[in-house]
Amino acid sequence: MNAEATLERAETLFDLGRYAPCAALLGPHIASHPDNAEALNLLARCLRRLGDKAGALQAVDDALRCDPMSRSSWIVRADTLADFGAMADAERSAREAIRLDPGHWGGHATLASVLSRANSGRGTRGDKRRGREAYDCARHAVSLAPETGFAHCLVGITAHELRQYKIAEEAYRTALRLDPEDATARHNLALLELKHRFRRRGAWSRAVEGFAEAATLDLEDRDARYNLEVMAWRTAASARWIGSLALGIALVTQAGGPDGMVVGLPLFVAVWAAWGLWIRRRVPQRLRAPMLQLARRCPPVMTMAGAVGWLGTVGLVLAAVPGLPEWSMGALVTPTIWLMFLAYWISRSMLKRRMP
C-alpha cells in the first residue's frame with residue numbers, strides 16, 4: 001500500500017472512531033516516512049482520543065518540527081496542552097494557529113475553548129475579561145463557520161459561563177439542530193433545564209432526559225452520569241421530608257389507638273402514594289428502568305434510599321399496629337431519626353467524592 005493510500009485509509013479509520021487501528025496503521029508508515037507531518041498530526045489526534053496525552057504531544061511536536069506552518073498541528077497542540085492543564089502554553093499555540101490562518105474558524109474555536117477551560121478550572125476564580133474574550137472568539141468562529149455545530153456549542157458554553165443563559169440556550173439548540181449527536185450541547189442544555197426546574201413546567205423531566213441522552217451519546221461522559229446520580233440522590237433525599245411527615249402522622253395515629261387508625265393509616269398511605277405518583281410523573285417512562293439501575297449501582301443513592309426506606313417502615317409499623325408500649329416507640333423513633341441524619345450527611349459526602 002503506497003503512502004497516499006495508507007493515509008487515506010488511516011483518515012477513514014479515524015472518522016469511524018477506530019482510533020487504535022488507525023494508530024497501529026500509522027506506526028509503520030511514520031517509521032518509513034519520519035518527516036510526514038500530516039501522518040504525525042493524525043497520529044497525535046488518535047493518541048489524544050486514546051488518552052495517551054504524552055504520546056500525542058510528542059507526535060504533534062514532531063509534526064511541527066517537520067512543518068511549523070501547519071495550522072492544524074498548532075490546534076492539536078493547543079488541545080493536547082489544555083488536556084495537561086498547561087493553559088498558558090495552550091493559549092499561545094491557539095493564537096499561533098490564528099496568526100497562521102486568521103480566516104479559519106478552527107483556530108478561533110480552539111482559543112475560545114482553551115480560554116473557557118482555563119477560566120472555569122477548579123480552584124480558579126472566573127476572569128470576566130477572559131470569559132468575554134472566549135465568548136467573542138466563539139462568536140467569531142460561528143461567523144466563519146455558521147453551519148458547524150461545535151462552534152455554536154462553544155458560544156453556548158462561553159455564554160453560559162458569563163450567565164447569559166438565553167444566549168446559551170439558543171446556541172445549544174442551534175448546535176443540536178446542526179448535530180443531533182452533540183453530547184456536550186445536550187448535557188449543557190440539560191443543566192440549563194435543571195436550573196429552571198422551579199420556573200418551567202417539565203424542566204426537571206427534560207433535564208433527566210438530556211443527561212441520559214448525553215451519557216448514551218458519549219459513553220465517556222462522566223459528567224452526565226454524575227449529574228444523573230445527583231438527581232437520583234436528591235430525589236431520595238427529598239423523600240426524607242415525606243417520610244418525616246408520614247412518621248408524624250403515624251405517631252398521632254399511635255396515640256389515638258384503634259380509633260386513630262381509621263383515619264391515620266389511610267392518610268399515611270396517601271402521603272406516600274402521592275409522593276410516588278409525583279415522582280412517577282417527573283421521570284419519563286422510558287427512563288424509569290435505566291434510572292433505577294443507575295441508582296442501584298450508586299452507593300450514595302442506595303444509602304440515602306435505604307435510610308428513607310427504614311423511615312417508611314418504622315412509620316408503617318406505628319400507623320398499622322395500635323397499642324405499642326411507649327418504650328418500643330422510643331426504641332424505634334429515636335434511632336431512626338439519627339440514622340436519617342447520619343445517612344444524609346454520609347451519602348452526601350460519598351456523592352461529592354464521585355464528582356468527575
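This is a predicted model: local features need pLDDT of at least 70, side-chain atom pairs count only at pLDDT 80 or more; totals for chains, interfaces and linings use all residues.
Local features need pLDDT of at least 70 and side-chain atom pairs count only at pLDDT 80 or more, while totals for chains, interfaces and linings use all residues. Residues are numbered from 1 along each chain as its sequence is written, and side-chain values use heavy atoms, without hydrogens and water.

Helices α5 (residues 71-84) and α6 (residues 87-100) pack at about 165°, with their axes 8 Å apart. Helices here are DSSP runs (H or I, at least four residues), numbered from the N terminus. Axes are lines fitted to C-alpha atoms over the stretch in contact, and angles run from 0 to 180 degrees between N-to-C directions. The two helices are therefore roughly antiparallel (angles over 145 degrees). α5 passes α6 in a left-handed crossing (the near helix is turned anticlockwise from the far one by less than a right angle). On the α5 side, the contact (heavy atoms within 4.5 Å) involves R71, W74, I75, R77, A78, L81 and A82. These meet M87, D89, A90, S93, A94, E96, A97 and L100 of α6. By class, 10 of the contact residues are nonpolar, one is polar and four are charged. Ala, Val, Leu, Ile, Met, Phe, Trp, Tyr, Cys and Pro count as nonpolar, Asp, Glu, Lys and Arg as charged, and the others, Gly among them, as polar.

Helices α7 (residues 105-119) and α8 (residues 128-144) cross at roughly 155°, and their axes come within 8 Å. α7 and α8 are therefore roughly antiparallel. The crossing of α7 past α8 is left-handed. Contact residues of α7 include W105, H108, L111 and L115. Those of α8 include R130, E133, C137 and H140. The contact comprises 11 nonpolar, five polar and two charged residues.

N41 lies in helix α3 (residues 37-49). Its relative accessibility is 5%, so N41 counts as buried (under 20% relative accessible area, 1.4 Å probe, protein chains only). Beyond its neighbours within four places in sequence, N41 contacts A63, S70, S72, S73 and V76.

Six aromatic pairs are counted (ring centres of Phe, Tyr and Trp, its six-membered ring, within 6.5 Å). W233 and Y344 form a tilted pair, at 5.5 Å centre to centre and 40° between the planes. Planes under 30 degrees apart count as stacked, over 60 as edge-to-face and the rest as tilted. The pair links distant parts of the chain, 111 residues apart: W233 is in α13 (residues 222-282) and Y344 in α16 (residues 326-353). Both W233 and Y344 are buried. Together with W345, W233 and Y344 form one aromatic cluster.

Technical notes: Angles under 35 degrees count as roughly parallel, over 145 as roughly antiparallel, 65 to 115 as roughly perpendicular and the rest as oblique. Buried means under 20% relative accessible area, exposed over 50%, partly exposed in between (1.4 Å probe, protein chains only).
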